[in-house]
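Look at the structure below, one topic at a time.

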Amino acid sequence: MKVYFLKLMSAMLLLYSLTAEAATEQYPFVNSTQRAAFKQLTQELRCLVCQNQDLADSNAPLAVDLRAEIYQMIQRGESKQSVINYMTARYGDFILYKTPLKSTTYVLWLSPFATLLIAFSVLIIIVRSRYQRMTGDS
Amino acid sequence: MFRYWRYHLPLAVFLLLAVFLWRGLQLDPHKIPSTLINKPVPKFDLPDIMVPGKSFTQQQLLGEISLVNVWATWCTACQQEHPILLDIARDSKVKLYAIDYKDELTEAKNWLAQYGNPFLAIGFDATGQTAIDWGVYGTPETFLIDSQGIIRYKHVGPLTKQVWQHTLLPIINKLRTGAI
């Protein structure tokens, strides 16, 4: 059973890597750094039409166009950051899967830590009060 | 003190969550805010569909308040909003321009002949490059541009009478009176 499951998993992984390759196929790169940059960028940028897909994965016409744009920018030797700047200048932070940390996103980034802090405080209060009750009783 | 919190904290957490989820229900993730609001129109130079040899550039948008509608013949929602655009053009409160996004030239001409042409100029964006520069991610989109060529508002999706009356017109009137 376990072996069967592993086989299934590896088959699925293989299938996934094949489909991931399919999108980059049409873009020949002169070196692996550029290919890696293209791959990373298309996976970090969101398709605006089908929003739960990245640009690498999407077949929406706009995603195809944006992939071509990224390819050309990389071919011109532009940095990853300049591609990201180009995209966010047009489509905003929404196009980024990694939300940047800035004044408008502080709540988003910091609220999990704040919640954790509150949870710990509550825990400490509860434990302390129980401890006091126990020692008071005995 | 502790007893008080014990009963009220879960309620407080629930209410906070309810407020956020309620707000979340009203947000549409498909409406992506434009980054170009209060910024000048990106430079563009497109062939004008109606006048061969002439081009449509950002220069033409200066001087008067205008709407720039991004549409295509293959876009069904564009067909749906077209009567509203014709009405707006008849009202002549603003100048209407368009960008034809990734289209066929003859089809575009036929479409305009069939449904009517409310636009003063139509830029033919065959590659979609101008639309990308404008941050367009789905037709139809309509930009409201002031007389200085600054983008003041963007509407995503088909225009309706409602949107024109309650959203675009108030902004136009404010721009007219110099309130903004």
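In this predicted model, 19 residues of chain A are in contact with 17 residues of chain B. Contact means heavy atoms within 4.5 Å. The two chains bury about 1500 Å² between them. Of that area, 56% is on carbon and sulfur atoms. Buried area is the accessible area (1.4 Å probe) that two parts lose on being put together, summed over both. The size of an interface is often given in this way, as the accessible area lost when the parts come together.

A note on reading the model: residues are numbered from 1 along each chain as its sequence is written, and chains are lettered from A in the order in which they are written. Local features need pLDDT of at least 70, side-chain atom pairs count only at pLDDT 80 or more, totals for chains, interfaces and linings use all residues, and side-chain values use heavy atoms, with hydrogens and water left out.

**Salt bridges**

How many salt bridges does the structure hold over all chains? There are nine. A salt bridge is a side-chain nitrogen of Lys or Arg within 4 Å of a carboxyl oxygen of Asp or Glu. Between chain A and chain B the count is two.

| Lys or Arg | Asp or Glu | N to O distance |
|---|---|---|
| A:Arg90 | B:Asp133 | 3.0 Å |
| B:Lys102 | A:Asp65 | 2.5 Å |
| B:Arg90 | B:Asp87 | 3.0 Å |
| B:Lys154 | B:Glu141 | 2.8 Å |

Take the pair A:Arg90 and B:Asp133. A:Arg90 lies in helix α4 of chain A and B:Asp133 in helix α4 of chain B, so the pair joins two chains. Helices (H or I, at least four residues) and strands (E, at least two) are DSSP runs, numbered from the N terminus. A:Arg90 counts as buried because its relative accessibility is 17%. B:Asp133 is buried too, at 18%. Buried means under 20% relative accessible area, exposed over 50%, partly exposed in between (1.4 Å probe, protein chains only).

B:Asp87 and B:Arg90 sit in helix α2 of chain B, three residues apart, about one turn of the helix. B:Asp87 is partly exposed at 30%, while B:Arg90 is exposed at 61%.

Are they buried or exposed? B:Lys154 is buried, at 10%. B:Glu141 is buried as well, at 0%.

**Nonpolar cores**

In soluble globular proteins, nonpolar side chains tend to be buried together. A nonpolar core is a set of buried Ala, Val, Leu, Ile, Met, Phe, Trp, Tyr and Cys residues joined through side-chain atoms within 4.5 Å. The largest one here has 46 residues. A:Leu66, A:Ile70, B:Leu61 and B:Trp134 touch the most other members. Both chains supply residues to this core, with α2, α3 and α4 of chain A among the elements that give at least two each. The largest share, seven residues, comes from α3 of chain A. A second, separate core has 29 residues, including B:Cys75 and B:Ile172.

Leaving aside neighbours within four places in sequence, the contacts of B:Leu61 include B:Val41, B:Phe56, B:Tyr97 and B:Trp134.

A:Thr42 is in helix α2 of chain A. It counts as buried because its relative accessibility is 1%. Beyond its neighbours within four places in sequence, A:Thr42 is in contact with A:Asp54, A:Leu55, A:Ala56, A:Arg67 and A:Ile70.

**Backbone**

Most residues other than glycine have a negative phi, and most peptide bonds are trans. Which bond is cis here? A cis peptide bond joins B:Thr139 and B:Pro140, with omega about -10°. B:Pro140 lies in the loop between α4 and β6 of chain B.

B:Asn38 has a positive phi, near 65°. This residue is in the loop between α1 and β1 of chain B and is partly exposed at 49%. B:Lys102 also has a positive phi, near 45°. B:Lys102 is in the loop between β4 and α3 of chain B and is partly exposed at 26%.
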